Amino acid sequence: MTDDLLARLLDPDPAVDEDAVDAAAGRALAGDREAADALRDVVLHFERFPISTFERTLNRLYAFADASLEPAMLRALENGVSAPWYLTAACGRAGFRGAVPYALALLDSHVAYERTVGCEVLGVLGAHEAVPTLVDVLGDTDHRVRESAAAALADLGGSGAALGLRRELVEPRFALLGYVSNALGAIEPDQTTWLLDQAASPDTRTRYWAVRALGRTGSDLVHEPLLVVAADPAEETAAIANGSTVASAARSALKTWQRVRRVRAADTTSTRPTT
């Protein structure tokens, strides 16, 4: 680390050290090993640097993070150097699985945003052991936390996550279930067959959200059934609590289905080997 860069990173003036971190991150992204090592040094020896330098550096982890930083990050968490949610989120971005217990602890926070961070980190870190807890969080009083839990379950996948989301769709605790239908449409294992069955349920609310979920699957199996529902006069009057009809859900799902198919086609084209 050059003396000039070290001096600026140690400067207690946030304006100085933040500029130094940003400049070093830019250099690290361009392949400057000395700059990357300097930023790693801030994390490895955070006790030596102003807290503003450390926190700004965590916002630039994408430029230099590697596995060598995990013990220091967990030490920072244990010592309460910064807000637990902030450090846990940084660990999630860096892929440090040692932060899973801290993410689980955030789910008990009285602050809704901190609970959302806990959910997000558990999903990002592939914490399959947290599935039962995340299923319970689908009952959180804050809709943002429920949405984060559902998204994490979709990321994690597996039968336990799918069953928890299924139960929430057919035995709902809340009126609006867009987050549940989005997760069921995206989760692995694929839920298309089950969702098609639910789209024929006698319960209007179950039909509505199942139809919405079908669009997210992008499956070949759902296009014709969605067209039928969208054109069904009876479904034009079958509405959920907010007045939205099952037919309108089908029309929205068809647009989502087309968008998903376009994205998949583009992904396939971009990964196809050239000859």
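View 1. Helices (H or I, at least four residues) and strands (E, at least two) are DSSP runs, numbered from the N terminus. This is a predicted model, in which local features need pLDDT of at least 70 and side-chain atom pairs count only at pLDDT 80 or more, while totals for chains, interfaces and linings use all residues. Residues are numbered from 1 along each chain as its sequence is written, and side-chain values use heavy atoms, with hydrogens and water left out. The C-alpha trace spans about 75 × 55 × 30 Å along its principal axes. Of the 275 residues, 47% count as buried (under 20% relative accessible area; exposed is over 50% and partly exposed in between, with a 1.4 Å probe and protein chains only).

**View 2. Here helix α11 (residues 159-170) packs with α12.** Their axes are 10 Å apart, at an angle of about 140 degrees. Axes are lines fitted to C-alpha atoms, for helices over the stretch in contact, and angles run from 0 to 180 degrees between N-to-C directions. The angle makes α11 oblique to α12 (under 35 degrees is roughly parallel, over 145 roughly antiparallel, 65 to 115 roughly perpendicular and the rest oblique). Look for Ala162, Leu165, Arg166, Glu168 and Leu169 of α11 meeting Val180, Ala183 and Leu184 of α12; contact means heavy atoms within 4.5 Å. By class, this contact has 6 nonpolar, no polar and 2 charged residues (Ala, Val, Leu, Ile, Met, Phe, Trp, Tyr, Cys and Pro count as nonpolar, Asp, Glu, Lys and Arg as charged, and the others, Gly among them, as polar).

**View 3. Now α12 (residues 178-186) packs with α14 (residues 204-217).** The angle is about 40 degrees and the axes are 7 Å apart, so α12 and α14 are oblique to each other. On α12, the contact uses Gly178, Ser181, Asn182, Gly185 and Ala186; on α14, Trp209, Arg212, Ala213, Arg216 and Thr217. Sorted by class, these are 3 nonpolar, 5 polar and 2 charged residues.

**View 4. A cis peptide bond joins Glu188 and Pro189.** Omega is about 5 degrees at this bond. You will find Pro189 in the loop between α12 and α13 (192-198).

**View 5. Helix α15 (residues 223-230) has Leu226, Val229 and Ala230 as its buried residues.** They cover an arc of only 100 degrees around the axis, so they lie on the same side of α15; the arc is that of the directions from the helix axis to the C-beta atoms. The face turned away from this buried side carries the exposed residues Glu224 and Val228.
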